[in-house]
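Here is a short note to read alongside the model. Please keep the structure open as you go through the points.

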Amino acid sequence: MASLTVRKLDEALKASLRLRAAKAGRSVEDEVRMILREAAEAPAKTQSSPARSTPAQPHRPRTPSATDLPRVTLIIGGGIAAYKALDLIRRLKERGIHVRSVMTRAAQQFVTPLTAGALADERCYTDLFDAQSEFDAGHIRLARDTDLIIVAPATADLMAKMAQGHADDLATAILLATNRPVLVAPAMNPLMWANAATKRNVAQLARDGVSFIGPNSGEMAEANEAGVGRMSEPTEIAIAAEAMLRPLHTGPLAGKKILITAGPTHEPIDPVRYIANRSSGKQGYAIAASAADAGADVTLISGPVDLDDPAGVRVIRVESARDMLAQVEAALPVDIAIFAAAVADWRVASAGEQKIKKTASGMPPLQLVENPDILATVSKRQQNRPQLVIGFAAETQNLIDNATSKLKRKGCDWIVANDVSPASGVMGGDRNTVHILTRDKADIAVDSWPVMTKEEVAGALVAKIAETMEE
Ligand code: C5P
């Protein structure tokens, strides 16, 4: 039987073979074998079947092939949580994600490449200088021919190597050679996680654009040890991966930068007390999620709320109105700004550095001063004013009149007005009835929408924004 040395083929052919192999998720040798097998089988098929005209086929949606699926390269590090990475392969696959696994030498002390390969339906890669990949620069292919790299579990050592840019094994070489997003799920003993060196490495990786999930707090594999260091659960990691894989920059707001404020602000009275309001942040978060779904690049600046970060949105958490203004200004320039936050109008002139104590002389005088108006400040900017500035008016009476004067006074382009009187159930609730006030030359037009869920309001608002931006 003749043997074929792929290395001796000409460069163009090798390049096209590499591409085919990468697309099919096979090694180059496997791809060559596949081509030879198909070629060997093809004449036999044509000889045995008499010529027949093909009846017209009804149109059927094509079942996605392996190459259409979003692709993840999963790097399994050497920690006890490696067994959970095997479950992660299944969790990713059940979400329609193609998984290619890579193991460090240490990981192989905990789980076998055979198991990972069987679960992923593709062999697990372990060596930088892999004889099976022959001429194929395997680490470059694994680094690039993927949509996302997940490192789970990420040990303290692996993160240290990543932070330093080491590339002395397949896992670190892939991480250094990639230009794809990286999601890291750390797992280690709580003392290792709390160590200053690990903290430095995590901060460095975050600065380098690496995303993190976890670690969670809980019991450790070591007896009687608990704390922060448990790897996130496979389902949590799979959900985070799915969010990162969601196609970016497609949809009606593709290419648009949107800034959204949401939630209440907390204005300190002393280190333990603050002035706040009942805003839940739900409407602003729903708008952020909807804008991200529409392909926008979304920054959400949020006061303290009890809500999860919307998928695919950059969330910056703040406490006070002044913090919120600083973050808003730092996020400019943007194309569109939506101010859904219920910013406190006032703050205590000088918040106590220590807890204010009860005294016999009576109640402490709390002098209030006005907070900066973020919406008005941004609307009236000479430089970097967003093309479309939208404010909210939460009113308990004279809704349209108050919203109209707010639109004029603050200098924004639209106002979303809603009735927040206790009877409306809007504050903290899931439904909202809004009126959209827009400038129509010298006049103001009012578009009243029916009662909807906050998600529906968000969807309709984002659609209206997209329409307007297109015009
Ligand atoms: O004046 P009022 O608080 O009712 O205005 C509501 C609108 O103004 C909202 O869009 C809110 O986010 C914004 N606002 C602000 N900064 C403030 C007060 C309100 O951005 N200090």
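1. Start with the contacts. Residues 24 or more positions apart make up 69% of the protein's contacts with a separation of 6 or more. Two residues are in contact if their C-beta atoms, placed from the backbone, lie within 7 Å.

2. A word on the source. This is a predicted model, where local features need pLDDT of at least 70, side-chain atom pairs count only at pLDDT 80 or more, and totals for chains, interfaces and linings use all residues. Numbering runs from 1 along each chain as its sequence is written.

3. Now the overall make-up. The protein has 15 helices and 21 strands. These are DSSP runs numbered from the N terminus: helices are H or I with at least four residues, strands E with at least two. Of its 471 residues, 39% count as buried. Buried means 20 or more other C-beta atoms within 10 Å of the residue's own, with C-beta atoms placed from the backbone.

4. Next, the cores. A nonpolar core is a set of buried Ala, Val, Leu, Ile, Met, Phe, Trp, Tyr and Cys residues joined through C-beta atoms within 7 Å. The largest has 59 residues, and I260, I287, A288 and A291 touch the most other members. Helix α11 (residues 282-293) gives the most to this core: seven residues. Another core, of 57 residues, lies apart from it and includes A85 and V202.

5. Finally, look at L407. It sits in helix α14 (residues 399-410). Why is L407 buried? Because 21 other C-beta atoms lie within 10 Å. Not counting residues up to four places away in sequence, L407 touches C412, I415, L437 and I444. L407 and I444 are 37 residues apart in sequence, yet 8.9 Å apart in space, C-alpha to C-alpha.

Conventions. Buried ≥ 20, exposed ≤ 12 C-beta atoms within 10 Å, placed from the backbone.
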